[in-house]
Amino acid sequence: MVTAADTAALHDPQLLKGVLSLVLLRLLAERESYGYELVVRIHRAGLTGVAEGTVYPALARLEREQRVSSRLVPSSSGPARKYYRLTPAGHQALTAATTAWRRLVGAVDPLVATPVPTDPAPPKEQ
Amino acid sequence: VIAMTGIADRIRLELLVQRLDYHLSDLPGARRRQVRREIRANTRAAAADVGLGQALANLGHPRVLAAGYLAAEGRPLPQYRKGVWWAVAALAAYVAAAVIFTTGFLDGAEAASDLDRPLTTSFLGAGVEANPGEASFAITFNVLALVVPAVVFLLASRAWRALPPVRRRLAARAGTAQ
């Protein structure tokens with residue numbers, strides 16, 4: 001069951017912004033995709049707060065950083081679509097970002113997993 | 001959901017693309033064309049899923065979307081649009097100052113003499129001719145009238161940002177030397 005807190009987390013732009021590159025690199029490691037297709041895949045993964053207006057510039061940045069490459073593919077339902085795929089530098093970045101993410105979760109999770117005390121303890125004496 | 005088929009939908013999409021393009025004016029032309037093409041293709045695909053209204057709303061404000069693309073360049077860009085506005089303002093100020101000076105000069109010439117012949121002087125490079133007898137004046141602008149706005153354009157637009165960063169050139173030179 002998705003709670004209100006879950007929904008809020010999935011729409012927090014600051015939280016999502018920090019992991020967007022990792023998510024994009026991970027999805028592109030699985031399959032070559034164009035911009036809107038990536039948005040749909042991100043939403044299906046549960047990150048419904050990620051908007052098109054955030055994803056498209058992020059793809060442009062990843063392409064400038066040479067972590068993804070692109071090619072135009074004709075579409076039967078409209079103009080040619082720009083498909084992105086991971087480069088070797090993108091694979092390296094994905095590995096590094098995944099490691100960093102796991103370390104971050106590993107450090108933060110024990111902190112937030114314990115019950116929150118109702119009354120903070122007084123400061124320790126110097 | 002009905003995919004965009006009508007002319008009205010195409011116009012709505014194109015209006016958004018053009019608004020986005022306006023805010024992307026500091027990007028090189030080829031890059032802007034790429035962004036326009038990609039936004040059109042993605043938004044048409046989104047419209048087939050959720051309708052054009054929602055697809056356009058999901059893009060957010062064109063100015064914010066453009067800011068995302070400009071930030072994605074990862075370097076400070078020349079601000080050509082700002083440069084043009086400042087250059088026009090500088091030219092207008094230069095012409096206005098020349099006209100104000102000349103009318104004052106004409107008033108002075110009329111008050112100081114009853115000459116019929118024209119009096120000439122100059123103002124910041126512009127030739128000024130006052131005809132007290134006819135209560136008229138003429139201003140002849142020279143190349144300075146173009147130089148002033150051009151310099152203002154270069155400074156206001158930060159045109160030097162279009163040059164390759166000095167650090168990159170130095171690094172390339174050091175790499176060649178090794």
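In chain B, 3 strands form an open antiparallel sheet in the order E1-E2-E3, where strands are DSSP runs of E with at least two residues and helices are runs of H or I with at least four, numbered from the N terminus. This is a predicted model, in which local features need pLDDT of at least 70 and side-chain atom pairs count only at pLDDT 80 or more, while totals for chains, interfaces and linings use all residues. Residues are numbered from 1 along each chain as its sequence is written, chains are lettered from A and ligands numbered from 1 in the order in which they are written, and side-chain values use heavy atoms, with hydrogens and water left out.

**Sheet of chain B**
- The edge strands of chain B are E1 (119–123) and E3 (136–140), each of which pairs on one side only; pairing requires at least two DSSP bridges between two strands.
- From one strand to the next, the twist averages 20°.
- E1(B) pairs with strand E2 (residues 126–131) of chain B in the antiparallel sense over 5 bridges, and B:Phe123 stands opposite B:Ala126 in E2(B).

**Helix across the sheet**
- Helix H5 (residues 80–112) of chain B lies across E1, E2 and E3 of chain B and runs at about 150° to E1(B), with axes fitted to C-alpha atoms, for helices over the stretch in contact (heavy atoms within 4.5 Å), and angles taken from 0 to 180 degrees between N-to-C directions.

**Chain A**
- Chain A contains 5 helices and 3 strands, which run α-α-β-α-α-β-β-α from the N terminus on.
- Of its 126 residues, 34% count as buried, meaning under 20% relative accessible area (1.4 Å probe, protein chains only).

How values were computed
Buried means under 20% relative accessible area, exposed over 50%, partly exposed in between (1.4 Å probe, protein chains only).
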